[in-house]
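Here is a friendly walk through one protein model, meant to be read with the structure open beside you. Take a moment to turn it around before reading on.

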Amino acid sequence: MRLHHVQVACPPGGEGAARRFYGEGLGLTEVPTPEGLAGRALCWFRDFDEEGRTTAEIHVGVQEPFTPARKAHPALVADDVAHLESIGARLEALGFGITWKDRHTFDGYERFHTFDGAGNRVEVLTPVG
C-alpha cells in the first residue's frame with residue numbers, strides 16, 4: 001500500500017495563497033483538477049521523479065466554516081539536506097515562516113515545520129546519515 005494524496009483545507013478565496021505556498025514555495029506543479037471532481041478541490045499539486053512518476057500529491061479544497069489544521073499535517077520528503085534548506089529559504093523569501101527547532105529531533109531525518117497560506121501545518125524532511 002502507498003499513499004495517493006493528502007487533502008488540506010482552505011477558506012473560500014484561498015487559491016492564491018495555496019498557489020504561492022504549494023507551487024512557488026514548495027515547488028510542486030499545479031495540475032488540472034479532474035472534471036468530475038472540480039467542485040470538491042480547489043487546486044491539485046504534484047511532484048514528480050526523474051521518470052515523470054508522481055511522488056507526492058496535495059489537494060487543496062474549500063471548507064466553510066474553515067479551521068486550519070495546526071497539528072495534523074502532511075510531511076513531504078526533500079531529496080537531500082541542500083534541497084531541504086533551499087525549500088526553507090524559498091518559503092521564507094515568500095514570507096512564510098518556518099521553524100527549524102525540531103530539525104534534529106527525528107532520528108535519521110532533518111526537518112522543518114511551516115504553515116501554508118491558510119494556516120495549515122506542513123512538515124518538510126529529508127533522510128540523513
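Which residues does Val124 touch, not counting residues up to four places away in sequence? Read on for the reply, after a word about the model.

## About the model

This is a predicted model, in which local features need pLDDT of at least 70 and side-chain atom pairs count only at pLDDT 80 or more, while totals for chains, interfaces and linings use all residues. Residues are numbered from 1 along each chain as its sequence is written, and side-chain values use heavy atoms, with hydrogens and water left out.

## Val124 and its surroundings

Val124 touches Leu26, Leu76, Ala78, Leu84, Ile87, Glu110, Arg111 and Phe112, leaving aside residues up to four places away in sequence; contact here means heavy atoms within 4.5 Å. Val124 sits in strand β8. Strands (E, at least two residues) and helices (H or I, at least four) are DSSP runs, numbered from the N terminus.

Is Val124 buried or exposed? Its relative accessibility is 2%, so Val124 counts as buried. The cut-offs are under 20% relative accessible area for buried and over 50% for exposed, with partly exposed in between (1.4 Å probe, protein chains only). His4 is 120 residues from Val124 in sequence, and their C-alpha atoms are 18 Å apart in space.

## The sheet that holds β8

Strand β8 belongs to an open sheet of 4 strands in the order β5-β8-β7-β6, with mixed pairing. Two strands pair if DSSP finds at least two bridges between them. At the edges are β5 and β6 (98–99), each of which pairs on one side only. Strands β7 (residues 109–115) and β8 (residues 121–127) run antiparallel and are joined by 7 bridges. Arg111 stands opposite Leu125 in β8.

Helix α2 packs on this sheet and touches β6, β7 and β8, with its direction at about 15° to that of β7. For such angles, axes are lines fitted to C-alpha atoms, for helices over the stretch in contact, and the angles run from 0 to 180 degrees between N-to-C directions.

## The other sheet

Another open sheet of 4 strands has the order β1-β4-β3-β2, and its pairing is mixed. Because β1 and β2 stand at the edges with a single partner strand each, one side of each is left without a neighbour in the sheet. The twist from one strand to the next averages 30°. Helix α1 (residues 15–25) lies across β1, β2, β3 and β4, and runs at about 5° to β3.

Let us go through the pairs. Strand β1 (residues 6–10) pairs with β4 in the parallel sense over 5 bridges; Val6 stands opposite Ile58 in β4, and the bridge partner of Gln7 is His59. β3 and β4 pair in the antiparallel sense over 6 bridges, with Phe45 opposite Ile58 and Asp47 partnered by Ala56. Strand β2 (residues 29–31) is antiparallel to β3, with 3 bridges, and Val31 has Trp44 as its bridge partner.

## Two backbone details

Most residues other than glycine have a negative phi, and most peptide bonds are trans. The hairpin of β3 and β4 has 5 residues between the strands, and there Gly52 takes a positive phi near 85°. In the loop between β4 and β5 lies Pro65, which is joined to Glu64 by a cis peptide bond with omega of about 5°.

## The largest pocket

Rolling a probe the size of a water molecule over the atoms shows where empty space is left. A pocket is an open set of points on a 1 Å grid over the protein atoms alone, where a 1.4 Å probe fits, with protein on both sides within 12 Å along at least five of seven lines; lining residues have an atom within 4 Å of a point. Grid points are joined across faces, edges and corners, and a volume is the space filled by probe spheres set on the points.

The largest pocket has a volume of about 470 Å³. It is lined by 27 residues, of which Asp47, Thr55, Ala56, Leu76 and Val77 are the closest to its centre. Two or more lining residues come from each of β3 (43–48), β4 (54–62), β5 (75–77) and α2 (81–93), and β4 gives the most, with 5 residues. The lining divides into 14 nonpolar, 6 polar and 7 charged residues. Here Ala, Val, Leu, Ile, Met, Phe, Trp, Tyr, Cys and Pro count as nonpolar, Asp, Glu, Lys and Arg as charged, and the others, Gly among them, as polar.
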